[in-house]
Amino acid sequence: MSGLRIDAEKCVGCGACVSACPSGALKITDGLAAADAGACVLCGICVDTCPTGAIAVEKEGAQDLDLSAWRDVWVFAQREGDGFHPVTFELLTQGRQLADQLGQRLCAVTVGEGPEECAPLLDAGCDLVYLCPPPEEGRRLEPFCAGLVAGLAEERRPGAVLFGATPLGRSLAPRVAARLGTGLTADCTQLDVDRETGLLRQTRPAFGGNLMATIVCPHHRPQMATVRPGVFPALAGGRRPGARVEAVEPPVLPPPATWELTAARAAREGAGLPGAEVIVSVGRGIGVRKNVKLVERLAQLLGAEVGCSRPLVEAGWLSYDHQIGQTGVSVSPKLLITFGISGAIQHLAGIAGAERIVAVNSDPDAPIFAQAHEAVVGDCVEILEEMIRALEGRAD
Ligand SMILES: Cc1cc2nc3c(=O)[nH]c(=O)nc-3n(C[C@H](O)[C@H](O)[C@H](O)COP(=O)(O)OP(=O)(O)OC[C@H]3O[C@@H](n4cnc5c(N)ncnc54)[C@H](O)[C@@H]3O)c2cc1C
């Protein structure tokens with residue numbers, strides 16, 4: 001079993017590990033460090049902190065792999081309507097950079113009727129697209145795609161596989177990771193390659209967003225990560241010489257336990273946030289519920305979407321679809337205007353992709369100003385009313 005091993009011969013009971021442990025999983029008992037296996041998350045901070053080298057993390061089932069045989073960066077290209085989900089192109093942009101750093105290929109795995117449907121993937125910089133015919137009608141997509149990606153990965157051995165953290169990607173990635181016996185880092189906000197080891201460095205918020213953790217997967221392959229829509233930009237990669245589509249066979253799956261009878265997209269309020277070019281966003285500084293109407297009116301005049309911080313969702317003033325941040329959506333508009341948002345780290349995690357941020361806050365020391373391109377110190381209700389008056393006057 002995985003766990004902490006504490007060498008009683010080396011431990012001097014100094015307590016350095018107890019102070020360093022972020023999970024409160026260590027204590028000194030009878031002069032020696034002891035770990036609570038239920039609380040320990042095997043982060044390894046105590047290993048680095050112990051001055052006598054008495055602590056080691058033992059991981060179960062480290063595969064005996066020839067890591068050099070696992071090459072290429074794969075992106076699961078999720079279909080949406082006749083095209084692909086926008087996160088696909090964000091992942092391909094990031095995947096292209098990783099593949100170039102590693103000197104490897106960028107490949108996409110997708111489902112479709114014919115190679116002509118893969119043109120957008122080739123145009124986005126893929127070297128190779130694995131194209132599989134869709135599942136028979138009614139068959140559920142998740143097990144089908146999980147079987148496809150896992151089966152192909154066992155055969156072709158990619159070094160890394162990236163999924164969008166969409167409902168489908170979130171369901172798919174853990175299934176693939178479990179079948180391949182490898183790790184998975186969810187909701188990464190940064191991906192890069194360690195220059196010395198060539199390992200994929202997967203960075204994501206941890207401990208309630210209070211620190212950023214960089215995770216590597218040194219002993220298992222492939223290295224797997226999900227990334228939420230809107231975190232990375234989607235740039236035109238351009239078609240590569242020799243880029244091609246390879247047809248692959250559908251996975252052989254056991255008879256389905258469940259069949260999907262209908263699939264319908266629910267009409268959702270605020271669903272346009274991830275792709276919005278202009279967002280007007282509101283926080284607790286708006287004061288009272290009726291003032292949210294001012295933000296909605298301004299958004300209407302600007303042709304913008306309405307976003308908000310978490311307290312407004314918790315108060316029931318706006319629905320969860322509007323929440324921006326670590327536990328909401330990540331956005332990447334050309335212009336974001338915030339009213340009465342303080343700029344907590346969990347909120348900032350969702351706006352890193354915004355091109356221009358104009359922040360309105362009555363507190364000149366509000367943390368949002370460190371992230372904003374324009375800082376407006378003032379009462380957000382007064383400024384909202386002023387802006388609405390000006391824009392309504394222009395419309396007359
Ligand atoms: C695990 C976890 C996940 C979280 N996920 C998210 C998330 O996804 N998204 C999110 O937003 N939060 C999230 N939070 C909550 C986050 O920590 C903050 O509490 C939240 O973002 C604060 O929202 P706020 O800025 O609206 O409110 P506050 O922090 O209360 O800030 C209100 C701001 O309004 C200003 N103000 C007051 N009156 C006026 C006025 N009249 N005019 C102008 N300005 C005024 C104040 O100066 C202040 O800066 C999460 C927290 C945790 C622990």
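## The sheet β12-β13-β14

In this predicted model, 3 strands form an open antiparallel sheet, ordered β12-β13-β14. Strands are DSSP runs of E with at least two residues; helices are runs of H or I with at least four. β12 (190–193) and β14 (211–215) are the edge strands; each has a single partner, so one side of each lacks a neighbour in the sheet. Neighbouring strands are turned by 25° against each other on average, direction ignored.

β13 (residues 200–206) pairs with β14 in the antiparallel sense over 5 bridges. Pairing requires at least two DSSP bridges between the strands. Thr203 stands opposite Thr214 in β14.

## The helix across it

Helix α3 (residues 86–102) lies across β12 and β13 and runs at about 15° to β12. Axes are lines fitted to C-alpha atoms, for helices over the stretch in contact; angles run from 0 to 180 degrees between N-to-C directions. Contact means heavy atoms within 4.5 Å.

## The whole chain

The protein chain has 11 helices and 21 strands. Its C-alpha trace spans about 75 × 65 × 45 Å along the principal axes. Of its 396 residues, 45% are buried, meaning under 20% relative accessible area with a 1.4 Å probe, protein chains only. Among contacts with a separation of 6 or more, 63% join residues 24 or more positions apart.

## Basis

Residues are numbered from 1 along each chain as its sequence is written, and side-chain values use heavy atoms, without hydrogens and water. Local features need pLDDT of at least 70 and side-chain atom pairs pLDDT 80 or more, while totals for chains, interfaces and linings use all residues.

Technical notes:
Buried means under 20% relative accessible area, exposed over 50%, partly exposed in between (1.4 Å probe, protein chains only).
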